[in-house]
Amino acid sequence: MIVETKRLYFNDPYQWEFSAKIIDRLRHNNFPAIVLDRTCFYPEGGGQPSDKGTINDMEIREVIEHEGRILHILAGEIAGDEVEGKVDGSIRFDHMQQHAGQHVLSQAFYKLYGAETRSFHLGEEVSTVEIAMESAIDLKIEKVEKRANEIVFKNLEIRSYFVEKSKIQTIPLRRPPKKTGTIRVIEVDKFDYTACGGTHPFRTGEIGLIKILRRERIRDNIRCEFLCGWRAFRDYAWKTRDLRILSNQMTVAEKEVVSTFEKFQSEVKDLKKQNRKIREKLVGLEVEETIRKSGGPLIREIFTGKTIDEVRLLALNIIKKGSYVVCFAINDKQRVHLIFARSGDIDIDLRELVPLVSSLVEGKGGGQPSLVQIAGTNSTNLDKAMEKAARFIKEKQSIEVY
Ligand SMILES: [Zn+2]
C-alpha cells in the first residue's frame, strides 16, 4: 500500500524548513529520488513549477508527483534516513505571488466578462493565462486589471479547506474539479473559489501588484502575459529608468515620449525623401560632368572613396544618356572592383571581359552582356587591367580611345 506524503505546504506555505524520514528510495532518469513521510516541497503541477532547494544540503533537481507519490529527485546520493529539507523561499514566494495572482485575475475576467480561464502557465520570467474571449480591447483589459488590483488592495483573506466530493456542489467553484475524492478549495474571501493543490499566501495583499503586459489571439482564446508582486515591481523599475533616459535624451516630459517619437519618425521620413531627391540631382550633375570630362564614347575612371552602389548608379545613368561604354574601377586598397557597362545600341558582350582582366586583379566576376562586375583582391595591376579592357572595347567597336 502506498503511504501518502504529508504535504506541509497545505497548512503553512511559509514553512520552508522541515525534518522528515525517507520512506522509499528509487531512481528517476538515472538520478536518485526519495519519498518522504512529510514535505514542504511543492511538486510540479497545475501550471506551477516545482520548488527548488536542498535535502541534507544536496541540491534538488525537481520534485514531481509520480503514481500518487511525491518524488524528490536529487543531484546525488544522500546517506541516512533522517533528513533536513530547505525550500528556496524566494523562489517559493515568487511562485505564490504569481499563482495566487492568477486566481484573482481569472476571477476578474470571469466576473466582468463571463470569460473562463482555459490554461495557466507560470513561466520563469512571465506567466500566461489563456482566456476564452473573442476579443480583448484595451478597455476590457484595463477593467480586469483594475478589478484584480482592487482585490489585492482590499487585502482579502485567502482560505484553504477540504470538501468532500459529494458536497462540492455547495461551493461556487469557478471551474469543475478534475480530481475525485476530497477536494482542496482555495477561497479568496467570497470573491473566488478554486479547486487547487498549489501554494498561496494568506492574504491578497501579499500578491502585490497584478499587471497584464501584453496579449495575443491564440486559437479561440486570448493569451495574456502578466506579472505579480516583485516581478511587477522589477518590471516597473527598469521601465521607469529607461523611460527617464529616453525623456532626458529627447528633452521632453515622460508622458510626451511616444508622441515626440512619432513626430521624429515622420520627420525622418520627410528627410529621407528630401535626401533621395538631392542624391538624384547630384547623380545627374555627376553624370554630366563625367561625360563632359571624357570627351568621347569610352568613359574610363578609377575612383577612391566611393561605394560600389554609387559607382554602379553613375555607370547606369551614363549609359542611358547616349551611346557610351563605361569602364569604372574602385580602388580601396583592400579590394578592387571593376564595373563595365554599355548603352543598349552598342553590340559588345561585356562578359568577354571577365576572363580577360579578372586574373590581373586576382578576382572573380560576371553579369549580363551590357553590365559586368568584377571583384578582386590585388590592385597592383589595376591600370593594366583598365588598359586591357579599353583596348578590347576599342577593337570590338573601333571607337577612339582618348
Ligand atoms: Zn491555486
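The C-alpha centres of domain 1 and domain 2 are 27 Å apart. This is a predicted model, so please read every value here as computed from it. The domain assignment places domain 1 at residues 6-87 and domain 2 at 93-244, and it also lists domain 3 at 294-397.

## What the interface is made of

Let's look at where the two domains meet. On the domain 1 side, 14 residues are in contact with 17 residues of domain 2. Together, domain 1 and domain 2 bury about 1200 Å² between them, with 58% of that area on carbon and sulfur atoms.

Polar contacts do occur, though: five residue pairs make them across the interface of domain 1 and domain 2, both partners being at pLDDT 80 or more. On the side of domain 1 that touches domain 2, seven residues are nonpolar, five are polar and two are charged.

## The zinc site

Now for the metal. Which residues coordinate the zinc ion? The donors are His99, His103 and His200, each through NE2, along with Cys196 through SG, at 1.9 to 2.2 Å. The angles among these four donor atoms run from 99 to 126°, and the site of the zinc ion is tetrahedral.

Note on methods: Residues numbered from 1 in each chain as written. Predicted model: local features only at pLDDT ≥ 70, side-chain atom pairs only at ≥ 80, totals over all residues. Heavy atoms only, no water. Domains from an automatic or database assignment. Contact = heavy atoms within 4.5 Å. Buried area = accessible area lost by both parts, 1.4 Å probe. Polar contact = N/O pair within 3.5 Å; in protein donor to acceptor, adjacent residues only side chain to side chain. Nonpolar A, V, L, I, M, F, W, Y, C, P; charged D, E, K, R; others polar. Donors = N, O, S within 2.8 Å, 3.2 Å for Na, K, Ca; no water. Tetrahedral: all angles 85-135°; square planar, octahedral: opposite > 155°, others 65-115°.
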